Amino acid sequence: MSKVAQYHLHKFKPQKLQFEIYDLKSYLQKNKDKATVPHSHSYYQLIWFFNSKGTHLVDFKTYKVTVNTIILISKDQVHAFDKLNETEGLLIHFNDSFFMHTEVDIFLKYSIFKTHENSCYTLEENAAETGKTYIELIKKELLNRSEFGFEDTVRFLLKCFLIRLERIHRKRQPDKINTNTANRLRFYQFKELIEVNYKKGMSVNEYASLLAISSKTLNTITKSITDKSPSELITERIVLESKRLVKFTTLQISEIAFSLGFEDPSYFIKYFKRHLKMAPLKFRNGS
């Protein structure tokens, strides 16, 4: 395929609630041909599997599905269901506009909805029961769309569920620093800027300027949280997209290079080799 298919949620209907919830089995039966081919979304997706059936591909990782596995798919992330159709569970779709962009929203977007890190959870029984309570409350609210505060109620219930998942994440992977600090917020704001601008060839100084801080301060922040410099994080995002386009499309290498802001395809090939230790076509062919 010449590009990774990308699907949208109410793209031409901004007046609609930017949120949907589906029965997973029914959804896959209806959309099997699309869902089992690597694809991406312009929205966020939460997949909750209720039984142990098969696997799920997210970018370049394949996760085994077990009871109460939850996989969080970020915008633009490439994923695919396997071809089994006995899967029980649910799907939640929502657009970026459904977030209110408070500090908590930014933490949730860039902590549990990681762009290229592990976003797979297996809920323990108590956590699963709590999660199902939120889901049932959301479903009831969706039946009362004319009621006062309907959309906010759905948003808050979803956020409560995501906060529970974030708490699970923090217990498993304690942060180096308090995630409520200004540094953590700046870090996620930087990550958000990378998502918007990584194809533009912007310098670290330009990113720092957008954040109204110095490049030295930005370096201190990213090093304290990830042990990586700002330029390393920008490079990681470019490399990730390079891998996606090489692996999941049939685009010419020159087309990929130009789409990522490289003026010279030969330089892109060298860049790819330097970071992946193999040529793009070798990576595409899986050798």
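Buried denotes under 20% relative accessible area, exposed over 50%, and partly exposed in between (1.4 Å probe, protein chains only); strands (E, at least two residues) are DSSP runs numbered from the N terminus. The model is predicted, so that local features need pLDDT of at least 70 and side-chain atom pairs count only at pLDDT 80 or more, whereas totals for chains, interfaces and linings use all residues. Residues are numbered from 1 along each chain as its sequence is written, and side-chain values use heavy atoms, with hydrogens and water left out.

Strand 5 runs antiparallel to strand 6 (residues 61-64), joined by four bridges; two strands pair if DSSP finds at least two bridges between them. Leu57 has Thr62 of strand 6 as its bridge partner. The two strands form a hairpin with two residues between them, and Asp59 in the turn has a positive phi of about 55 degrees. Strand 5 is also joined by three bridges to strand 8 (residues 79-81), again antiparallel, where Phe81 is the bridge partner of His56.

Across the whole structure, 21 aromatic pairs were found (ring centres of Phe, Tyr and the six-membered ring of Trp within 6.5 Å; planes under 30 degrees apart stacked, over 60 edge-to-face, the rest tilted). Trp48 and Phe50 form an edge-to-face pair, because their ring centres lie 5.4 Å apart with planes at 75 degrees. Trp48 is buried, at 0% relative accessible area, whereas Phe50 is partly exposed, at 31%.
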